[in-house]
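Reader: Hello! I am new to protein structures, and I would like to learn how to read one with you.
Author: Gladly; let us look at the structure together.

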Amino acid sequence: MQKWSVGVRPKEYETKTVEDVYNTVEEVDTKEYEDPDYFYDELGRVRRTEKRISTSKRWKIACVSATVTLLSVFILATILSFFFFVSSSNNFQKESYGLPRPSIESNILLKRSEMEITPNHLLTLLITKRKICILEAASGDESKSRDAFSVDHIESARLIFHSNMSHAGVPVHPLQFQRFARSQGIDNDCHVVVYDRGQMIWSAYTVWIFKLFGHQKVSLLSGGYLGWKTHQARSGQYKTDQGDAPSKPRQGDFLASWNDSVIITYDDVLLNTEIDNFDVVDAQTKDEFLGTAQGALYGHIKGARNIPVDAVYDWAVGQWKAADHLKGLFNNNALSLRKPVIIYCSTSLRSSMIWWALTRSGYNGKIYFGGWPEWVVRAPDGLKVIGTTVES
Ligand SMILES: O=S(=O)([O-])[S-]
């Protein structure tokens with residue numbers, strides 16, 4: 001590749017024939033057109049223009065640009081992670097009443113342990129004036145519950161009736177629940193603590209309903225009212241109030257949503273009999289499950305495993321069975337932590353206890369609120385096991 005420089009005679013011309021020269025000139029002209037960066041200097045040597053950058057220089061430039069790009073990406077990632085860290089730690093602080101939490105891992109553990117709080121823990125929250133909404137879950141006998149509540153209840157508690165949450169096992173409309181919760185002064189950021197008078201089904205169901213309607217922070221008081229009274233016998237700090245709760249509390253700001261991670265409908269349960277995405281647990285008694293109980297047409301969903309509530313809660317001592325026991329129980333029933341679990345009974349009361357025990361053990365439980373009463377009338381015959389039907 002050469003360039004013909006007008007007015008300067010290249011040395012090679014002196015030794016070449018006219019024809020050669022003619023050809024060379026042709027070639028030079030072509031090359032000049034093709035590559036204008038080459039030329040002959042005054043001595044006839046082929047030179048390359050300065051403006052063309054050498055290959056090694058190009059490599060250098062490529063390396064420098066790559067380094068600059070990597071450095072920018074690194075700096076950007078550092079800035080983004082800083083903002084992410086700051087916003088997460090703010091959330092932690094909000095959720096822990098302003099007390100910092102040590103790590104994300106412990107946050108997850110805390111979430112699970114927050115499902116149940118001890119009387120001692122509740123007392124510390126009250127003493128330190130945290131935002132707590134204490135609810136006593138009434139039993140099915142509303143007037144008896146009202147009377148008992150008026151005699152004595154945990155300090156600042158309000159009474160919640162089953163009919164405020166559900167009708168014949170079907171949860172009320174979210175807006176209806178929102179209206180009720182607000183009328184009880186419940187805010188989005190209030191820590192809801194629920195207890196009952198020892199039956200556990202009422203309080204477990206209330207916790208499930210609050211989760212269903214999207215409340216972020218709901219705990220069950222371990223030992224319930226009786227546990228609080230036991231502590232009160234030892235220390236006057238565990239206070240109780242008498243009479244009805246004040247009828248007109250300040251309006252709360254609780255915003256209800258629909259958390260479908262804890263509930264499932266008939267259609268999905270029916271579909272599951274084909275696709276088997278969920279394990280199914282029946283929370284009825286053994287007799288009901290087997291269909292040998294008297295008084296109604298009992299039985300179970302084909303393929304369900306039976307875990308009655310007394311397998312997860314000990315009423316004699318007023319406590320949930322130990323974590324290891326629950327783990328073994330669920331393992332023995334072949335429940336996998338990787339598979340969500342459908343739970344059903346009749347009107348979801350017992351289901352809510354099994355749901356609570358499963359959730360606390362790390363399972364993702366969903367209550368089929370239609371339960372056996374719906375299944376027995378709607379499901380295809382081959383999918384229900386009634387009485388003496390032999391399960392294949
Ligand atoms: O809802 S229930 O089956 O426990 S009565």
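Reader: Is Glu 288 buried or exposed?
Author: Glu 288 is buried, because its relative accessible area is 13%. Buried means under 20% relative accessible area, exposed over 50%, and partly exposed in between, using a 1.4 Å probe and protein chains only. Before we go on, please note that this is a predicted model, where local features need pLDDT of at least 70, side-chain atom pairs count only at pLDDT 80 or more, and totals for chains, interfaces and linings use all residues. Residues are numbered from 1 along each chain as its sequence is written, and side-chain values use heavy atoms, with hydrogens and water left out.

Reader: Which side chain meets Glu 288 in a salt bridge?
Author: Here is the general idea. Side chains of opposite charge can pair when their charged atoms come close. A salt bridge is a side-chain nitrogen of Lys or Arg within 4 Å of a carboxyl oxygen of Asp or Glu. The partner of Glu 288 is Arg 350, at 3.0 Å from N to O. This pair links distant parts of the chain, with Glu 288 in helix α10 (residues 286-290) and Arg 350 in helix α12 (residues 349-360), 62 residues apart. Helices (H or I, at least four residues) and strands (E, at least two) are DSSP runs, numbered from the N terminus.

Reader: How many salt bridges does the whole structure hold?
Author: A search finds 12. One of them joins Arg 305 and Asp 279, at 3.5 Å from N to O. That pair also links distant parts of the chain: Arg 305 lies in strand β15 (residues 305-306) and Asp 279 in strand β13 (residues 279-282), 26 residues apart. Asp 279 counts as buried because its relative accessibility is 4%, while Arg 305, at 25%, counts as partly exposed.

Reader: Where do Arg 378 and Glu 374 lie?
Author: Both are in helix α13 (residues 371-378), 4 residues apart, which is about one turn of the helix.

Reader: What angle do the axes of α7 and α12 make?
Author: Two packed helices are described by the angle between their axes and the distance between the axes. Axes are lines fitted to C-alpha atoms, for helices over the stretch in contact, and angles run from 0 to 180 degrees between N-to-C directions. Helix α7 (residues 201-212) and α12 cross at roughly 70 degrees, and their axes come within 8 Å. So α7 is roughly perpendicular to α12; angles under 35 degrees count as roughly parallel, over 145 as roughly antiparallel, 65 to 115 as roughly perpendicular and the rest as oblique.

Reader: Which cysteines form a disulfide?
Author: A disulfide is a covalent bond between the sulfur atoms of two cysteines. In the computed search, it is a pair of cysteine sulfur atoms within 2.5 Å. The structure holds 1 disulfide, formed by Cys 133 and Cys 190 with their sulfur atoms 1.9 Å apart. The torsion about this S-S bond is about 125 degrees, so the disulfide is right-handed. Cys 133 is in strand β4 (residues 132-137), and Cys 190 is in the loop between α6 (174-183) and β9 (191-195), 57 residues apart.

Reader: Are these cysteines, Cys 133 and Cys 190, buried or exposed?
Author: Cys 133 counts as buried at 11% relative accessibility, and Cys 190 counts as buried at 1%.
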